[in-house]
Amino acid sequence: MDIKAAIFKQPKQPFEFEHVQLDELKEGEVLVKLVATGVCHTDISVWEANFPFGYPGILGHEGAGIVEAVGPGVTKVKAGNHVLLHIAACGKCEYCISGTPAYCKDMLPLNFSGRRPDGSCPYHLHGEDLNGLFFYQSSFATYSIASERNVVAIPDDLPLPVMAPLGCGFITGAGTVMNTLKAEPGTSIAIFGAGSVGLAAVMAAKIAGCTTIVTIDINDERLALAKELGATHTINGRNSNSSEEIQTRIIPGGVNFSIDTTGDSSVIQHAVTALRILGTCALVAVRTVGAKQEFDYLNLALGRTVKGVIAGDSIPEIFIPRLISFYRQGLFPIDRLISFYNFEDINNAIQDAGSGKTIKAVLLMQ
């Protein structure tokens, strides 16, 4: 079938719209007519050539849409279902069956190879294979081929454009608080970066009952929004030594937990230094392949933990409905973070998301 896609042809060059030929579905695949898709900083990182994915190709991995057709063997969804798309996993390895699908042993080839597991390519441009299946969805297009394992059906009364970022950004922020750190009532947390991931973490920390929620950013408007969403304290990191302020003014001895959403080495240092003894820092940002990070050994020798996190350690089929429940109750107002763009304005959306003008850009496909 013929679809319209925004093609990533060269790093840091504008996306170009092309008509792309899409092959028939194979075993276990689902064809989704996309209604909307979020723009994630992982998309931008790949577009900037900081993380590998072949080009020309189709990016996008926060897709939301309606099932158009299902391939052989698919039982999880059917035509007409409203679905969200998320990270791909094999569903069979020890990590998947133990409840940590984001760490699937085949995570890299399934999400970044641009091909099916059998090596075939279902996307074609001018008769040539085109890298697709980014996160097994390539949602910067009007239609997406996904795997049955990376779709989640949601009630059809929910606004798909608002729900789209639950597939990656919002479950990353909220899941890191609830699933990875398992924050409990009365605990304290510092969240570095007030973008979509950081603000989702702020809302989750409030839901979890954290009594001290510190948000650090260099944008005062975002810090004001963080306050409205649940932050008890805010720090402009451009004007203050954030870890020192946390340790001395806000909560002497440091916070139980911290999250870095920026990927900036100096900010990560503050995120670790802000911890109390035996505290845990979660790193969730995508960084350039090969990036290094140094720590003061004493910080770790005093029992502090630093760990990387993918997709908030979430089982999407369980965690996405949980976040939807919070959304319905008014506890997780993700619509306040979103700015909508027509699909044709993808280059403006990428620019605004990359510059920080927009917290979460969502493309409207239809």
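Which residues of helix α8 (residues 242–250) are buried? In this predicted model, select Ser-242, Ser-243, Glu-245, Ile-246 and Ile-250, which are the buried residues of that helix. Viewed around the axis, they cover an arc of only 165 degrees, and therefore they lie on the same side of α8.

Next, select helix α5 (residues 169–180) and helix α11 (residues 316–328), whose axes come within 11 Å and cross at roughly 95 degrees. An angle from 65 to 115 degrees counts as roughly perpendicular, so α5 is roughly perpendicular to α11. On the α5 side, display Phe-170, Ile-171, Ala-174, Gly-175, Met-178 and Asn-179, and on the α11 side Phe-319, Ile-320, Arg-322, Leu-323 and Phe-326, as these residues make the contact. Colouring by class will show eight nonpolar, two polar and one charged residues in the contact of α5 with α11.

Finally, move to the loop between β8 (143–147) and β9 (151–154), and select Asn-150 there. Is Asn-150 buried or exposed? Asn-150 has a relative accessible area of 0%, and because buried means under 20%, Asn-150 counts as buried. Its side chain reaches the backbone oxygen of His-86 at 3.0 Å. Leaving aside neighbours within four places in sequence, the residues in contact with Asn-150 are Leu-84, Leu-85, His-86, Ile-87, Ala-88, Phe-135, Tyr-136 and Gln-137.

How values were computed: Residues numbered from 1 in each chain as written. Predicted model: local features only at pLDDT ≥ 70, side-chain atom pairs only at ≥ 80, totals over all residues. Heavy atoms only, no water. Axes fitted to C-alpha atoms, helices over the stretch in contact; angles between N-to-C directions. Helix = DSSP H or I, 4+ residues; strand = E, 2+ residues; numbered from the N terminus. Parallel < 35°, antiparallel > 145°, perpendicular 65-115°, else oblique. Contact = heavy atoms within 4.5 Å. Nonpolar A, V, L, I, M, F, W, Y, C, P; charged D, E, K, R; others polar. Buried < 20%, exposed > 50% of the residue type's maximum accessible area, 1.4 Å probe, protein only. Arc of directions from axis to C-beta. Polar contact = N/O pair within 3.5 Å; in protein donor to acceptor, adjacent residues only side chain to side chain.
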